[in-house]
Amino acid sequence: MNRNVQEDLKQLDSILKQHGLSRRDALKIMGLGGAGVMVGGTTEASAATTLKASDAKGKILIIGGGLSGVATAAKLSNSLSNPDITIIEPNPKSVSYQPGNTLIGAGIWTKDDVTYETKDFLPSGVKWIQDKAVEFNPTANEVKTAKGEVVKYDFLVIAAGLVNDFGMIKGLEEVGEVYTSSADDAVKAKKILGQNGICSVYFTEGAVDTWTQMQKFVADAKSGKKVTGVFAEPHTPFKCGGAQKKITNLVDARLNEAGARANANLEFLTNGKKLFGVPEYHTAIEGQMKARNVNVRYEHKFTEVDLVNKIAKFEKHWEVKGAWDEDLEEFTMETKTEAVDVKYDFCHVIAPSKAPNEIAKSPLGSEKGWVPVNIQTMQHVTFPNVFALGDIAAVPLGKTGGSARKQYAVLCANLISLMEGKEMTAKYEGYTVCPLITSIGTVMLAEFKWKDVAAGTGAVAAPSFPLDPTQERWIYWLLKVYLLKPMTMYGMLPGRA
Ligand SMILES: Cc1cc2nc3c(=O)[nH]c(=O)nc-3n(C[C@H](O)[C@H](O)[C@H](O)COP(=O)(O)OP(=O)(O)OC[C@H]3O[C@@H](n4cnc5c(N)ncnc54)[C@H](O)[C@@H]3O)c2cc1C
């Protein structure tokens, strides 16, 4: 793991040197002067241990050993004098750096850049049950695993991520549900995705195949064929809201590189009315799409794929003024729909997402499946000794690694307060971040948070750096490609940042 990340940092240093910059200078330009770990500080995860702060006791059970689960285990291990922590995670391979999938999909990284062993991240002393949690009995404080083990807890943290439900798109039923980290699901998905122009970077094997499909698409365009690429956003919340835009921009970049852009029509379709919740980011992205000659269509729900004839099918929807409502004294609004077919040569799919069924349908889930928490404290709304974070938590705008990075610190502080019998004071404010790749070499760093923090509604820009966040910048490309992974591996996963 260290060798892999050290290699990234070495490459970064050599690029910076060509531009007369040191790593320290680059971090200062990015406003990351405090990221000491990246400027020659220790790189040993084991050195993360901080002063043992709390003597609070209790058996803590964490469901899911991905990004949020491991970071939470590490921070709690660092902060308790006598930690008693168990993680239930079925997969031997870690999916802790999924942002890398986008880079794999465009041939910038390879699978090796994001392939890690789960065991390499588990803090020492944390017990690992390599199994799947399948039954939850929060009144008895018990969880049952697929192999039948019953695990008792005093405090439970749910960090099980989300499931990509490709089966919600007609034509992709055979792909069905794909857990991001499941090797078996990847084998099943690869029978359809990654063939004949249809692909998805939402699992690592799928990202590898996306690059193969992208190269074929570019080669076809270069040979003089007129081709169409379709990029559709799902109608459910999904992780990394910028992912489809990044893939669109990367395809555009690869076509330009090959001198073949003129032969390709790129279609971006979204179910929503906007490209981004923050108005200035929406305007900036709309401008970027226009400059790249990408055709954007709003209010198009992706419903079906005809794999044989290579047609992506959508339900276009819009509202019209209906009858006058005497009681409300206003016009009712009626939804109109129309079927829209788009023939494709390349189609990148992001599946509709949901919480894993075993949790969504348990007493800890909700009608929509996501685990309902107090969005500021991360505590379950019904069971006070249960917390949730990351993709599975019912937190608006919360499905990114960037939001998990803020949430896990809040959750750990509040869980320790609860264990100590004190008031919970740490609060999550809805921060999230999307390093939006706009070309090979530029990124727009869209950071934002809730407008109304108490209600968790709206979205406003929340730049950490003293630079206009709507601008595409080379320096943020370096951050995205070379620094965010080491920051995750050495900062977040050891529970330090
Ligand atoms: C293509 C792509 C690009 C992205 N780009 C960015 C980006 O640029 N910036 C950013 O901040 N974020 C990005 N993200 C999002 C980010 O990766 C996720 O938000 C983050 O990984 C969520 O962490 P998590 O711990 O909630 O879930 P995960 O890291 O997915 O971990 C969940 C874990 O729970 C386990 N699990 C599931 N069910 C069970 C069960 N029943 N029992 C036990 N264990 C279970 C799974 O095996 C898995 O290991 C991207 C994601 C993708 C797919």
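Student: Is threonine 210 buried or exposed, and how does one judge this?

Tutor: One counts neighbours: a residue is buried if 20 or more other C-beta atoms lie within 10 Å of its own. In this predicted model, threonine 210 has 29 other C-beta atoms within 10 Å and is therefore buried. Threonine 210 belongs to helix H6 (residues 204-222).

Student: How far is threonine 210 from serine 403?

Tutor: The two residues are 193 apart along the chain, and their C-alpha atoms are separated by 26 Å.

Student: What should be noted about a strand such as S13 (residues 227-232)?

Tutor: In a regular strand the side chains alternate between the two faces of the sheet. For S13, one side carries Val227, Gly229 and Phe231, the other carries Thr228, Val230 and Ala232, and all of these are buried. Because 6 of its 6 residues are buried, S13 is largely enclosed by the rest of the structure.

Student: Which strand does S13 join through 6 bridges?

Tutor: Strands of a sheet pair through backbone hydrogen bonds, either parallel or antiparallel. Here S13 runs parallel to strand S14 (residues 264-269), with 6 bridges between them. Within S14, phenylalanine 268 stands opposite phenylalanine 231.

Student: In what order do the 5 strands of the open sheet lie?

Tutor: The order is S12-S19-S13-S14-S15, with parallel pairing. Strand S12 (198-199) and strand S15 (294-297) are the edge strands, each pairing on one side only. S12 pairs with strand S19 (residues 346-349) over 2 bridges, in the parallel sense. Cysteine 199 has histidine 348 of S19 as its bridge partner.

Student: Which residues touch the most other members of the largest nonpolar core?

Tutor: In soluble globular proteins, nonpolar side chains tend to be buried together. The largest nonpolar core of this model has 142 residues, and Ile158, Val371 and Ile392 touch the most other members. Helix H11 (residues 474-492) supplies the largest share of this core, 11 residues. The core lies between domain 1 (2-162 + 355-492) and domain 2 (164-351), because both give residues to it.

Student: Which residues are closest to the ligand?

Tutor: The closest are Gly64, Gly66, Gly161, Gly390 and Gly401, among 42 residues that surround the ligand. Helix H3 (67-79), helix H4 (100-105), helix H10 (401-419) and strand S22 (432-439) each give two or more residues to this shell. By residue class, the shell divides into 19 nonpolar, 17 polar and 6 charged. Domain 1 (2-162 + 355-492) and domain 2 (164-351) each contribute at least three residues to the shell.

Student: How does the span of H10 relate to the expected value?

Tutor: From its first C-alpha to its last, the 19 residues of H10 reach 26 Å, close to the 27 Å expected at 1.5 Å a residue. After H10 comes glycine 421, which has a positive phi near 75 degrees.

Student: What is the phi of asparagine 141, and where is this residue found?

Tutor: Most residues other than glycine have a negative phi, and most peptide bonds are trans. Asparagine 141, although not a glycine, has a positive phi of about 55 degrees. Asparagine 141 sits in the loop between strand S6 (133-137) and strand S7 (142-145). With 17 other C-beta atoms within 10 Å, asparagine 141 is partly exposed.

Student: Where does cysteine 240 lie, and what is its phi?

Tutor: Cysteine 240 lies in the loop between S13 and helix H7 (243-257), and its phi is positive, near 55 degrees. Cysteine 240 is buried, with 25 other C-beta atoms within 10 Å.

Methods
Residues numbered from 1 in each chain as written. Predicted model: local features only at pLDDT ≥ 70, side-chain atom pairs only at ≥ 80, totals over all residues. Near = placed C-beta within 6 Å. Helix = DSSP H or I, 4+ residues; strand = E, 2+ residues; numbered from the N terminus. Nonpolar A, V, L, I, M, F, W, Y, C, P; charged D, E, K, R; others polar. Domains from an automatic or database assignment. Pairing = 2+ DSSP bridges. Expected span 1.5 Å × (residues − 1). Core = buried A, V, L, I, M, F, W, Y, C linked by C-beta atoms within 7 Å. Buried ≥ 20, exposed ≤ 12 C-beta atoms within 10 Å, placed from the backbone.
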